[in-house]
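Me: Can you walk me through the aromatic rings in a protein model? Here is the one I have open.

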Amino acid sequence: MKSIRNIEASVQPSRDRKQKITDQIAQLKYKEPNSPRIVVLEQELVRAEAESLVAEAQLSNITREKIKAAYTYQFDALREHCEKVAIIAGYGKHLLELIDDTPVTPGETRAAYDGYEASKAIIQDCEDALTNWVTQKAAVSAKLSTRARTLSTRRRNNIKARTEGLDLSGQDAPLNDQDSWVPAGQHHHHKDEYGHDDEEDEEEDDDDLDVRASHSVLDAESSLNGETRGRNAEREVVA
């Protein structure tokens, strides 16, 4: 979020300049409709709008990229936290089984607790399970219904169709972080490459959509669940 804030602050001067020129033109047209300066200001406004268009496009692209990355981390962390809490709860119930709750008669002495070694073993198993947990071993998975999967696939296909055939790789310098951000005032060239239609995909056969959706979801899950935390080989732990 801070990265987006910093980038938006870099775009603000371009917005302010465009607004200032617009206000000046409106003021002149009201006070001096025949002023030759109006033509000069209108030309400046065209250049300012071109620079602003590039800056706003960059801001939009980076904002979406950063938000998706941030929430991906958050949801992955939330999922891992909940899975590990469930692991702790499961082993906690195993520990409870070591408690002798058989009734005793009045005056009878309950046998001393002798489950220390078993307790230590269960706790060690719990620690191992927490250490070796990876996304692929998650017990809870979010499975989409057929309708949700079909609509999600159609949405992804629409996005893909809008970007196919439109090469924007050379439009601007790569913007991976705020250090590589180029302020709007430093852009001198602009290519108008945004004139394309957003069309709905044609209706497809439901069976075909289901098949495509299944492959798409599997691919997505494979991509999202890739582990890069350098964990050791997983050990099978029986709860």
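What follows is a short chat about aromatic pairs and a surface patch.

Reply: Fine, but keep in mind that this is a predicted model.

Me: How many aromatic pairs are there?

Reply: The count comes to 2 aromatic pairs. Tyr71 and Phe75 form a tilted pair, with 6.0 Å centre to centre and 35° between the planes.

Me: Why does that pair count as tilted?

Reply: The planes are 35° apart. Under 30 degrees would be stacked and over 60 would be edge-to-face, so an angle in the rest of the range is called tilted.

Me: Where do Tyr71 and Phe75 lie?

Reply: Both are in helix α2, which covers residues 37-96. Tyr71 and Phe75 are 4 residues apart there, about one turn of the helix.

Me: Is Phe75 buried or exposed?

Reply: Phe75 counts as exposed because its relative accessibility is 52%, and the cut-off for exposed is over 50%. Tyr71 has 40%, so Tyr71 counts as partly exposed.

Me: Which residues form the edge-to-face pair?

Reply: Tyr113 and Tyr116 do, at 5.0 Å centre to centre and with 85° between the planes.

Me: What is the relative accessibility of Tyr113, and what about Tyr116?

Reply: Tyr113 is at 37% and counts as partly exposed. Tyr116 is exposed, at 56%.

Me: New topic: which residues make the nonpolar surface patch?

Reply: Met1, Ile67, Tyr71, Phe75 and Leu78 make a patch of about 520 Å². Tyr71 and Phe75 in that list are also the tilted aromatic pair.

Technical notes: Residues numbered from 1 in each chain as written. Predicted model: local features only at pLDDT ≥ 70, side-chain atom pairs only at ≥ 80, totals over all residues. Heavy atoms only, no water. Phe/Tyr/Trp six-rings, centres within 6.5 Å; stacked < 30°, edge-to-face > 60°. Helix = DSSP H or I, 4+ residues; strand = E, 2+ residues; numbered from the N terminus. Buried < 20%, exposed > 50% of the residue type's maximum accessible area, 1.4 Å probe, protein only. Patch = residues over 30% accessible without salt bridge, like charges linked within 9 Å, V, L, I, M, F, W, Y side chains within 5 Å. Areas by Shrake-Rupley, 256 points an atom, 1.4 Å probe, with all protein chains shown as cover. Salt bridge = Lys/Arg side-chain N within 4 Å of Asp/Glu carboxyl O.
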